[in-house]
Amino acid sequence: MSAVAPPLCTWIVAACLSATCVADDEGKQRNYIGGGLFGTRRHLAARRRGGARSGVPIAVSFHPERGGVENNKSETKQRRVVVTGMGVVTPLGHEPDEFYSNLLQGVSGISEIEAFDCSSYPTRIAGEIKSFSTDGWVAPKLAKRMDKFMQYLIVAGKKALENGGVTEGIMNELDKSRCGVLIGSGMGGMKVFSDAIEALRVSYRKMNPFCVPFATTNMGSAILAMDLGWMGPNYSISTACATSNFCILSAANHIMRGETDLMLCGGSDAPIIPIGLGGFVACRALSQRNSDPTKASRPWDMDRDGFVMGEGAGVLLLEELEHAKQRGAEIYAEFLGGSFTCDAYHMTEPHPEGKGVILCVKNALADAGVTRQDINYVNAHATSTQLGDLKEFEALCRCFGQNPQLRVNSTKSMTGHLLGAAGGIEAVAAIQGINIYATAKWTVREMPLHSLNFISMPLFSH
């Protein structure tokens with residue numbers, strides 16, 4: 001029991017997000033089941049293992065009287081968080097196994113851009129998704145209105161549920177007030193907003209009425225939650241390249257605090273459009289190795305000349321351990337802890353002494369309760385930039401010292417830099433590595449494998 005004394009006050013804020021939607025013709029909906037804006041895929045259970053009123057935000061302020069206010073919230077035991085599902089949409093495939101297999105084989109997803117004419121740009125390559133369909137995942141009418149970042153997000157989110165064995169029957173049994181969605185985006189709906197600007201040059205009457213809501217970074221999570229009926233925490237975090245990791249850590253915290261039992265979390269971005277490419281070209285941040293695209297993204301290489309843009313989404317299904325065991329879910333890994341820090345130094349350049357990275361690693365290890373000697377794999381942020389790669393490497397050396405068991409790589413050499421989605425797909429890569437390693441070399445009890453994933457720091461273990 002505790003007390004809060006004046007002049008402090010506590011704010012409780014509740015927000016409800018809803019939207020109206022005109023249903024498609026009955027004939028067009030025959031391939032979808034469920035309610036809301038989209039249907040769920042009919043064969044959601046097939047796996048390798050077997051119109052509303054607009055909500056009004058409400059804020060209520062409680063001002064403690066003299067003597068304080070008693071806190072009757074009961075103390076809860078620390079809840080454990082596990083990963084039970086994974087979904088990806090990437091230049092290397094749209095299933096976790098396909099994606100990871102291509103990584104192991106050294107397949108590159110980087111090639112010449114085909115989505116638009118970029119012949120006048122100094123950079124003409126990217127980790128572009130060449131083949132992608134929303135069929136069976138998103139209702140056609142809405143898919144046409146959406147920005148690609150939302151399409152990628154929703155498909156990856158539903159694939160994570162399918163991968164996690166959340167069948168239609170299990171979905172119906174879930175307490176949806178304890179299920180949330182926290183999938184962010186670094187750039188949001190750039191194409192939708194860019195098209196709206198072009199339409200505005202003619203007349204505002206030509207603008208897509210969805211251009212503003214569908215450009216915001218939170219709308220992907222909102223639409224997915226409305227489709228699933230999940231009423232728990234729903235928002236997005238937009239922190240550039242660290243977006244996915246912030247979302248994963250925050251989602252895990254919701255479960256650990258007892259607020260939710262399941263969370264879909266990660267990131268999605270679709271920046272490979274003229275304004276996106278042009279903006280990064282203007283920053284002089286991109287590689288210009290157009291003649292050899294598969295070798296353009298080369299983290300730590302002496303001849304690296306900038307990063308390569310990528311696109312896609314990576315989503316994890318996080319779940320409270322006992323909840324997962326009760327429904328018989330396959331557990332891929334356990335979330336142990338993490339940390340948020342800031343260099344507080346420069347908008348793009350890393351701190352010369354790597355202070356932010358070092359502090360983040362130190363805090364993450366402390367939060368997870370493991371030592372630096374326990375870490376044997378780091379999926380680094382390394383984007384193939386001259387300064388960033390070097391400073392991150394120096395920070396890793398200072399954090400882990402001489403550890404012969406430590407292995408470090410950057411999968412961006414094959415995917416390019418997916419911006420807000422980078423941490424999501426790299427978390428999937430790390431978790432896949434944990435499972436492959438544990439299966440091939442050790443039992444879980446003999447040798448737990450710990451993994452770190454930059455920037456902001458989620459730490460996973462088998």
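## A word to start with

A residue is called buried when its relative accessible area is under 20%, and exposed when it is over 50%. Keep in mind that this is a predicted model.

Helix α10 covers residues 355-368, 14 residues in total. From its first C-alpha to its last it reaches 20 Å, close to the 20 Å expected at 1.5 Å a residue. Its buried residues are G356, V357, C360, V361, A364, L365 and A368. They sit on the same side of α10, because they cover an arc of only 160° around the axis.

On the other side of α10, you will find K362 and A366 exposed. Just after the helix, G369 takes a positive phi of about 75°.

## A lysine in α11

Now move on to K391, in helix α11 (residues 386-400). Is K391 buried or exposed? Its relative accessibility is 18%, so K391 counts as buried. The side chains of K391 and E394 are joined by a polar contact of 3.4 Å. Setting aside neighbours within four places in sequence, K391 is in contact with P350, H351 and P352.

## Inside the protein

In soluble globular proteins, nonpolar side chains tend to be buried together. Here, the largest nonpolar core has 40 residues, and W230 and L264 touch the most other members. Several elements each supply at least two residues of this core, including α5, β9 and β10. Its largest share, nine residues, comes from α3.

Apart from this core lies another one, of 35 residues, with A251, C265, F335 and A429 among them.

How values were computed
Residues numbered from 1 in each chain as written. Predicted model: local features only at pLDDT ≥ 70, side-chain atom pairs only at ≥ 80, totals over all residues. Heavy atoms only, no water. Helix = DSSP H or I, 4+ residues; strand = E, 2+ residues; numbered from the N terminus. Expected span 1.5 Å × (residues − 1). Buried < 20%, exposed > 50% of the residue type's maximum accessible area, 1.4 Å probe, protein only. Arc of directions from axis to C-beta. Polar contact = N/O pair within 3.5 Å; in protein donor to acceptor, adjacent residues only side chain to side chain. Contact = heavy atoms within 4.5 Å. Core = buried A, V, L, I, M, F, W, Y, C linked by side-chain atoms within 4.5 Å.
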